[in-house]
Amino acid sequence: MTISVRKVAVVAALGAALAGCGGGSATPGAASAPAGTGAPASAAPSGSPSSGASPGASAAAPSKPPTIAPGPGGLTPVFERSRQTTDKTVALTFDADMTSDQGPRAASGEHFDNPQLISTLRQLKVPSTVFMTGRWAEEYPDQAKAIGTDPNFEIANHSYSHHAFKSPCYGLPALDGAAARADVDRAFEAFRKAGAVNTVPYFRFPGGCYDDQALRVLATAKVTAVQWDVVSGDAFAKDPDAVAEQVLAGVKPGSVVVMHCTRSAAPVTEEAIRKIVPELRKRGYRFAKVSDLIGK
């Protein structure tokens, strides 16, 4: 699979927003193309699969979330959008960003969480995938557990530190190969310690930046890398209508939408969701987790 010029342009346009979520300055770095995606397969996950348990309930026997077979040379596969283009299904995904050095900002009152957004998704009965950093789970363990034991959600890995897996990447500090691989495991461990059960073996690169070397580093983690085909523009946005319009204009059957679950970096996301969800349902769409799209 190759990344189109449009895709690279979209990632570049998001540089400032993504870097802000990660605490760096905007220094665009283009993502290199993955070697291939392969066909859906049932590889064993490295994270705990979805339990289907209600909040506070004991976990049911888990089933393995679907993954994609490795690409040529065993590179980590990359998923951007379902190949099923006739089924009007869309996955709303939310990045719960917090870098390893933002603890003092949280201690001083900055909110990297967004409990109202999670509440609204529950009220609207929208199944969703939350790409969470391990540092976020450590800062908000009760929320991580509540999300990770709710059948409405699945938690995927967004690294522990939200540092870059390739450089340059919008000013984010870069990890070398060994540190990057350990960062993934550390995030899964943070989810486990928080009590999250329905974690899935999916990974989203901080800043969306990756190359073949990053995919090679991740190979032993046995995860599927998940990107997106619809940019919401919610990072640092002030107009929920503009965010909603951008999502509604971009969604196609099988789309993956990237949004954020951080109040300080994406303050209007919850309000935008209240506009997006009913309109997409009116258009005949149903909502799914990433695991549902990969499984098609």
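Two bridges join β6 to strand β7 (residues 199-203), and the two strands run parallel. Strands and helices here are DSSP runs (E, at least two residues, for strands; H or I, at least four, for helices), numbered from the N terminus, and two strands pair if DSSP finds at least two bridges between them. This is a predicted model: local features need pLDDT of at least 70, side-chain atom pairs count only at pLDDT 80 or more, and totals for chains, interfaces and linings use all residues. Residues are numbered from 1 along each chain as its sequence is written, and side-chain values use heavy atoms, with hydrogens and water left out.

**Around strand β6**

- On its other pairing, β6 is joined by five bridges to strand β5 (residues 128-132), and these two also run parallel.
- N157 of β6 turns up in both pairings: the bridge partner of M132 in β6 is N157, and the bridge partner of N157 in β7 is F203.
- How covered is strand β6 (residues 153-157)? Five of its five residues are buried, where buried means under 20% relative accessible area, exposed over 50%, and partly exposed in between (1.4 Å probe, protein chains only).
- F153, I155 and N157 point one way from β6, while E154 and A156 point the other way, and all are buried.
- Together, β6, α7 and β7 make a right-handed β-α-β unit; right-handed means that, with the strands pointing away from the viewer, the path from the first strand over the helix to the second runs clockwise.

**The loop between β6 and α7**

- S159 is found in the loop between β6 and α7, and its phi is near 80°, a positive value in a residue other than glycine.
- With a relative accessible area of 0%, S159 is buried.
- P168 lies in that β6-to-α7 loop too, and a cis peptide bond joins S167 and P168, with omega at about 5°.

**Nonpolar cores**

- In soluble globular proteins, nonpolar side chains tend to be buried together.
- The largest nonpolar core here has 60 residues, and M132, W136 and F205 are those with the most contacts inside it. Such a core is a set of buried Ala, Val, Leu, Ile, Met, Phe, Trp, Tyr and Cys residues joined through side-chain atoms within 4.5 Å.
- Helix α7 (residues 177-194) supplies the largest share of this core, seven residues.
- Apart from it lies another core, of 16 residues, including I68, F131, V231 and I294.
- What does F205 touch, leaving aside its neighbours within four places in sequence? F205 is in contact with H158, F165, Y210, A214, L215, L218, A225 and Q227, contact being heavy atoms within 4.5 Å.

**Rings and charges**

- The structure holds six aromatic pairs. Rings of Phe, Tyr and Trp (its six-membered ring) pair if their centres lie within 6.5 Å; planes under 30 degrees apart count as stacked, over 60 as edge-to-face and the rest as tilted.
- W136 and Y140 make a tilted pair, because their ring centres are 5.0 Å apart and their planes are at 55°; both W136 and Y140 are buried.
- For F188 and F191, the ring centres are 6.1 Å apart and the planes sit at 90°, so this pair is edge-to-face.
- F188 and F191 both lie in helix α7, three residues apart, about one turn of the helix, and both are buried.
- One aromatic cluster is formed by F165, F203, F205 and Y210.
- R186 lies over the face of Y160, 3.8 Å from the ring centre, and the charged end of R204 sits over the ring of F131, 4.0 Å from its centre. The cut-off for a charge over a ring is NZ of Lys or CZ of Arg within 6 Å of the ring centre and within 35 degrees of the ring normal.

- E270 is found in helix α10 (residues 269-282) and is buried, with a relative accessible area of 15%.
- Not counting residues up to four places away in sequence, E270 touches Q116, L117 and T120.
- E270 and D234 are 36 residues apart along the chain, and their C-alpha atoms are separated by 9.8 Å.
- Is F236 buried or partly exposed? F236 is partly exposed, with a relative accessible area of 41%.
- F236 lies in the loop between β9 (230-231) and α9 (240-250), and its phi is near 65°, a positive value in a residue other than glycine.
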